[in-house]
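This report looks at how two chains meet, and then at one surface feature.

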Amino acid sequence: MLLLISSALINAITSYQISHTSQGKAKRFYAIFGVCVNLAILCAFKYSPLFGAMLPAGDFATLLLSIPLPIGISFFTFQGISLVVDVYKNNKIAESTPKNHAKNVVFFIAFFPALIAGPILKAHNFFPQIRAKYLKNIPFLRAFKVLILGYFLKNVIADNLKDQTFWMAYPYFLSYDSASLVVLLIGYSVQIFADFAGYSLIAIGVALLFGYELPKNFNFPYISASFSEFWSRWHISLSSWLKEYLYIPLGGNKKGNLRTYLNLFIVMALGGFWHGAAVSYIIWGCYHGILLILERICSQIFTLPKWRFVRMGRILFVFLAVSFGWLLFCLNDFTHAIAFIQKLFNNEGEFMRVVALCVGIYSSCILIYYLNYLLCKKSGKNMLDNNLIWAIMLFLIFTNSGSSDAFIYFQF
Amino acid sequence: MRLSIFSSNFLKILAIFFAIFLAYNIFLWSCKPQITATQNQWQQNIVFAQDFIYETKITKIAESSAYNAIIVGSSMSARIDSAKLAKSHIYNLAFGGGSALSGLEIIKQTNKLPKAIFVESNIAFLRPKDANMLKQLFGVDSAMKKYIPALQVKYQPINVFLSFVKGRAGKSKDEKLAKQRNEKLYKDSLERMIEGYNANIDSAKYEADLAELRVLLAYFEKQGVEIIFFEMPIDEKLLNTKQVLAVHKVLKDFAYPTLPPPNHSIYQTTDGIHLLEKSADEFSDEFIKKTRDFL
């Protein structure tokens, strides 16, 4: 709490100074200072155990290892950076008086629906919404539906799948055959989507009840036919933040091919690192960086025909490649991830019949959700226009929820 | 001012939801479907525990009860044949991934105090109680779940469906206790077990769990319940590991009676600690014979 308030106040002071300073050098100084303070807070609390583990044993290393990880730190520090940069680009975000500005900044940084696990808010989107709200303007029905969908994805799909993909942990997976491991991997892909998309929808639904529109965070990512499309549909608030505040300032794709590839790699590697202080996350980020680079190179050499079955093949390929990458999320210890990959090619062990059936049942709900989206795009018909579907989802939330557990992205 | 929350769509959704919910409960009350399948071990444990909690044949010591004694422990003692135990009026409350602490806490909270509690000593104070599970079993809504079966984990629609499918397909291979073991998997598993059993025990945590166990046992003793420890047979190669030796040392310091230890060499396990079907059957007979002195 103390850290959150301190971070909010530092951002308030810094952004106020930026907006009320006419000198370019001083403005720039405050902007750089604000960004550095946010990054320092993030590094100190999130990555100190990683640094501590690298140092030789001693008091300082022990101190670093004992620093706790505050909830939501990855999200509110990024919001702080967004505020500082947005104010630097556009003075009109800041209020005229320090008191009003500080109130708005604390509200923005500590906005509880998005505090713990996003979506990452951007100052230029959120600040214009800060004003008095009236009950008559609250979209209760829309909020109710968003909450039902969010809780369905989280409680019914993700929490039940979690109890199946439990067997992906080391050393349990060593006892099962290749088909079981493939089922578990696909189950985990569906789980992580349902968990995070579900949480984001809950955050969006709660914010709606207070009259605030939060940005959409997921847009059916598993129908992406390319990795760049995937990143425009998955964790949209993070990918757009990285694009706006890191990729474009680095030069984006405006400085030639080699620089573009380097920028992509840096952004994705840092994006991976943002997820956690472990080697596996950096490797995951680099993995996606390499996929994006290879995709860009291939698209410059040849163009695939726009036939339907080619598109379906691309969607399947992207899904499998992304699912493979989730292995590094699930098994933080890189040696365990290697052991899992080796076991994929060693068919000794039992087939998990019940697990496969359960993964199939819950994944099929997500498949129907995606097919409905495609149907809606093609013909305008939407199953979710039917009240019976919402009632069934609500019924399943009450009667078929899995064991409750923290959101996967809670740990970031 | 008419708020959209009272719009006809919102009310329709709620009305349809209540209709489905009521219909499902009526189905469960009237048909009482036999639930023979759950989705995972956690659910199986919850169902198992809820069966004990809502089972009316088990009552307090002072009243007549179908069971005189209860076993608490982990997946090891869950292998003891429940049907054979029931004939001897012993209820097996041990479950996979479970611990003696969780079992004791369940008995305490339900106040279904038997004449005796048999505590599996193998990991009695080396595995903490499952706080999540206990919260699920004894949360604010637990009384409601007794009377609204649709809220019980057992009657989740997917479990009803799986039980229906299983009824058609027969018992799955997973459920039958292993008759034979896969020697390669057994060796690999035993190696990992030996490594795990020889790992350093977190003494602060171990002391905390041990203290909690002592408090619970003292509570039961005060209520007139006899506490008896028993050891499940394990692979002989594990007998001299740190964990097993630590447990034996603590048991010596405890003042509670213990059943005579089993002859570990005559039993076979699938992975070092879980008995094969034949061995489980033989041990069940031995266990029942040994408990006669106490019941």
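The contact draws 35 residues from chain B and 37 residues from chain A. The model is predicted. About 3,200 Å² is buried between chain B and chain A. Carbon and sulfur atoms give 68% of that area.

Charged pairing across the interface comes to one salt bridge. Its partners are Lys184(B) and Glu348(A), whose side chains meet at 4.0 Å, N to O. Polar contacts between chain B and chain A number five residue pairs, both residues at pLDDT 80 or more.

Next, the side of chain B that touches chain A.

H1(B) gives the most to the side of chain B that touches chain A, with 10 residues. By class, the residues of this side divide into 19 nonpolar, 10 polar and six charged.

Now the surface of chain A. Which residues form a nonpolar patch there? They are Met1(A), Ile5(A), Leu9(A), Ile13(A) and Val106(A). Together these residues have about 490 Å² of accessible area. Helix H1 of chain A, residues 2-19, contributes the largest share of the patch, three residues. Met1(A) sits in the segment before H1 of chain A.

How values were computed
Residues numbered from 1 in each chain as written. Chains lettered and ligands numbered in written order. Predicted model: local features only at pLDDT ≥ 70, side-chain atom pairs only at ≥ 80, totals over all residues. Heavy atoms only, no water. Contact = heavy atoms within 4.5 Å. Buried area = accessible area lost by both parts, 1.4 Å probe. Polar contact = N/O pair within 3.5 Å; in protein donor to acceptor, adjacent residues only side chain to side chain. Helix = DSSP H or I, 4+ residues; strand = E, 2+ residues; numbered from the N terminus. Nonpolar A, V, L, I, M, F, W, Y, C, P; charged D, E, K, R; others polar. Patch = residues over 30% accessible without salt bridge, like charges linked within 9 Å, V, L, I, M, F, W, Y side chains within 5 Å. Areas by Shrake-Rupley, 256 points an atom, 1.4 Å probe, with all protein chains shown as cover.
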